[in-house]
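Welcome! Please take a look at the structure below, and then we will walk through a few of its features together.

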Amino acid sequence: IMMAVGIMIGIGGASIISRALGRNEKKLAAQTFGNAVILNISFSLFFLVLCYVFMDKLLVFFGASAEVMPYAREYMEIILFGMLFFSFATSANNLIRSEGSPKAAMLVMVIGALSNIILDPVFIFSLNLGIRGAAIATVISQFFSAVYVLAYYVSGRGFFKLKLSVFKINPGIIKETIFVGFPSFLRASASSIIILIFNRVLSYYGNDLYIAIIGIGLRMISLIQMPIVGLTQGFSTIAGFNYGAKLITRVKKVLGIALIGSGIIAIIGFIAVMFFTRELLGLFSNSPLLVNMGILPLRIVVIFLPFIGLQIIGGGLFQAIGKPAPALIITISRQMLFLVPGLIGLPILFGLRGVWIAIPVADFLSIIVTAIWIYKEIGIFNKQIVTQNNLEFQET
């Protein structure tokens, strides 16, 4: 949830910053950065207090059994301190990218990940701290990422200078940041809800092996979607900047490039899953029974995978140009509007197979919705281009 909050603030703020820089409104861009930092601190402190006060109840709600509870509590008591650093680093990743520094943005995440990989065995095994050591290692890694962000701006490498004036609360900026970034919050947090529903439905219509199979399938899809999401983030920065500068032809061009790139990635992933299903399942499990049972379900769930880039890029487009309503509908359409009802209704009609069918049905419907909205927006782009060309002709 805190990662989702960081993504919401980061992508919402990045959209405003990209468009502001495109219009050469540097003051607005700097104020957006300051308000994003204030939002991060506010949300983090709120969740920190909330989780400490209701820790046991929250752990039970998320599935901690009596046996697991002591370990979960031991971990949570420490990991909560990392919320401030984690949310800040997650949002800063997007904010730095919005000013045209993708390498620096990447380092924010790389530093945290590599630090965690190195520190985990040290604290868990060498210092013999077990679960507590894992939490300490994670918090320190998140702290390193946050320090890098601060060093980036203090050193003058970033566009924004750390002056007190940029941290003045602006209700308008805060409102737009949340509204534009909210679809990303829903996308990031909805995954947990979807997994919970899958587990409940499969435990009723199937068994633990099918729960394991869908877990593997969702991870495969996630791995294929990750580079598409990365492509979308890069596309959003460029699209937002050019849209703010009213260079609509460039927005259309980069949209086309992003759709082609995402399509290539998705098709490669589709071919891998469809034709090498047994080998991929074997990477996750050495159970011949699970592998044999999982081949058909995995092939069903990836039927419309080649077109999923359209849905992801489409959501990024409307966030980039500051249109939260279509961005929200497109973002939640696949998981919340179509998949959840499908998981509840289709198994009633088709039994266990209905669980697998629900995914391609949701993919297909969300792709149609996205395609219609993009088609309409391109029509608006074309009208804007014609108007600009006419004005340029008259001036000439």
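Helix 7 gives the most to the lining of the second largest pocket, with 5 residues. This is a predicted model, in which local features need pLDDT of at least 70 and side-chain atom pairs count only at pLDDT 80 or more, while totals for chains, interfaces and linings use all residues. Residues are numbered from 1 along each chain as its sequence is written, and side-chain values use heavy atoms, with hydrogens and water left out.

**The second largest pocket**
- Two or more lining residues come from each of helix 2 (26-53), helix 5 (83-98) and helix 7 (130-154).
- Of the 14 residues that line this pocket, Val-37, Ile-41, Leu-84, Phe-88 and Leu-150 lie nearest its centre.
- The lining has 13 nonpolar, 1 polar and no charged residues.

**Helix 13**
- Helix 13 covers residues 308-320 and reaches 19 Å from its first C-alpha to its last, close to the 18 Å expected at 1.5 Å a residue (the expected span is 1.5 Å times one less than the number of residues).
- Because 12 of its 13 residues are buried, helix 13 is largely enclosed by the rest of the structure (buried means under 20% relative accessible area, with a 1.4 Å probe and protein chains only).
- Among the buried residues of helix 13 are Ile-308, Phe-318 and Ala-320.
- After helix 13 comes Gly-322, whose phi is positive, near 75°.

**Asn-116**
- You can find Asn-116 in helix 6 (residues 102-126).
- Asn-116 is buried, with a relative accessible area of 19%.
- Leaving aside neighbours within four places in sequence, Asn-116 is in contact with Ala-137, Thr-138 and Ser-141 (contact means heavy atoms within 4.5 Å).

Note on methods:
Helices (H or I, at least four residues) and strands (E, at least two) are DSSP runs, numbered from the N terminus. Buried means under 20% relative accessible area, exposed over 50%, partly exposed in between (1.4 Å probe, protein chains only). On a 1 Å grid over the protein atoms alone, a cavity is a set of points where a 1.4 Å probe fits but cannot get out, and a pocket is an open set with protein on both sides within 12 Å along at least five of seven lines; lining residues have an atom within 4 Å of a point. Ala, Val, Leu, Ile, Met, Phe, Trp, Tyr, Cys and Pro count as nonpolar, Asp, Glu, Lys and Arg as charged, and the others, Gly among them, as polar.
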